[in-house]
Amino acid sequence: MALRFTLAATAPVTARVFGVDGRAIRTLVHARPFPAGTSTIRWDGDDPSSRRVASGIYLAVIEANGVAEVRRLSIVR
């Protein structure tokens, strides 16, 4: 699953995936610098132990420059 985002300037980015109940599922990147422009972060649908997550709705939170954007993700297996 690809999460595309655009930055106006180079900035550290943190991207995490949560269950709809607020439970943290996986941190995809933590404070990694990304260049200005459009970038993509990929999530393979696994938890940190490389186990497939269950079908359902998940939330991806992408944070950069003090701004957080939430995206709804749907996993169907």
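Colleague: Quick one to start: is alanine 24 buried or exposed?

Modeller: Alanine 24 is exposed, with a relative accessible area of 58%. Bear in mind that this is a predicted model.

Colleague: Where is alanine 24 found?

Modeller: In strand E3.

Colleague: And which residues is alanine 24 in contact with, leaving aside its neighbours within four places in sequence?

Modeller: Val17 and Phe18.

Colleague: OK, let's do strand pairing. How many bridges join strand E2 to E3?

Modeller: There are 7 bridges between E2 (residues 11-19) and E3, and the two strands run antiparallel. As one example, valine 13 has arginine 32 as its bridge partner in E3. Alanine 15 has a partner in E3 as well, namely valine 29.

Colleague: What about the hairpin of E2 and E3, how many residues are between the strands?

Modeller: 4 residues, and glycine 22 in that hairpin takes a positive phi near 95°.

Colleague: How many bridges join E2 to E5?

Modeller: 7 bridges, and that pair runs antiparallel. Alanine 15 turns up here too: its bridge partner in E5 is isoleucine 62.

Colleague: Where is the place of serine 50?

Modeller: Serine 50 is in the loop between E4 and E5. With 56% relative accessibility, it counts as exposed.

Colleague: And asparagine 65, where does that lie?

Modeller: In the loop between E5 and E6. Asparagine 65 counts as exposed because its relative accessibility is 53%, and the cut-off for that is over 50%.

Colleague: Changing topic: how many aromatic pairs does the structure hold?

Modeller: It holds 2. In one of them, the ring centres of phenylalanine 5 and phenylalanine 34 are 5.3 Å apart and the planes are at 75°, so the pair is edge-to-face.

Colleague: Why does that pair tie together parts that are apart in sequence?

Modeller: Because phenylalanine 5 lies in strand E1 and phenylalanine 34 in strand E3 (residues 24-34), so the parts it ties together are 29 residues apart in sequence. Both phenylalanine 5 and phenylalanine 34 are buried.

Colleague: Which residue forms an aromatic pair with tryptophan 43?

Modeller: Tyrosine 58, and that pair is edge-to-face, at 5.8 Å centre to centre with 70° between the planes. It links distant parts of the chain, since tryptophan 43 is in the loop between E4 and E5 while tyrosine 58 is in strand E5, 15 residues apart.

Colleague: Is tryptophan 43 buried or exposed?

Modeller: Buried, as its relative accessibility is 2%. Tyrosine 58 counts as buried too, at 7%.

Colleague: Why does aspartate 46 count as buried?

Modeller: Because its relative accessibility is 11%, and buried means under 20%.

Colleague: Last topic, pockets. What volume does the largest pocket have?

Modeller: About 180 Å³.

Colleague: Which strands each supply at least two residues of the lining of the largest pocket?

Modeller: Strand E1 (2-7), E5 and strand E6 (67-75). E6 gives the largest share of that lining, with 4 residues.

Colleague: Which residues line the largest pocket?

Modeller: Among them are Phe5, Ile62 and Asn65, along with Glu63, Glu69 and Arg71. The lining divides into 6 nonpolar, 2 polar and 3 charged residues.

Methods
Residues are numbered from 1 along each chain as its sequence is written. This is a predicted model: local features need pLDDT of at least 70, side-chain atom pairs count only at pLDDT 80 or more; totals for chains, interfaces and linings use all residues. Side-chain values use heavy atoms; hydrogens and water are left out. Buried means under 20% relative accessible area, exposed over 50%, partly exposed in between (1.4 Å probe, protein chains only). On a 1 Å grid over the protein atoms alone, a cavity is a set of points where a 1.4 Å probe fits but cannot get out, and a pocket is an open set with protein on both sides within 12 Å along at least five of seven lines; lining residues have an atom within 4 Å of a point. Grid points are joined across faces, edges and corners, and a volume is the space filled by probe spheres set on the points. Ala, Val, Leu, Ile, Met, Phe, Trp, Tyr, Cys and Pro count as nonpolar, Asp, Glu, Lys and Arg as charged, and the others, Gly among them, as polar. Rings of Phe, Tyr and Trp (its six-membered ring) pair if their centres lie within 6.5 Å; planes under 30 degrees apart count as stacked, over 60 as edge-to-face and the rest as tilted. Two strands pair if DSSP finds at least two bridges between them. Contact means heavy atoms within 4.5 Å.
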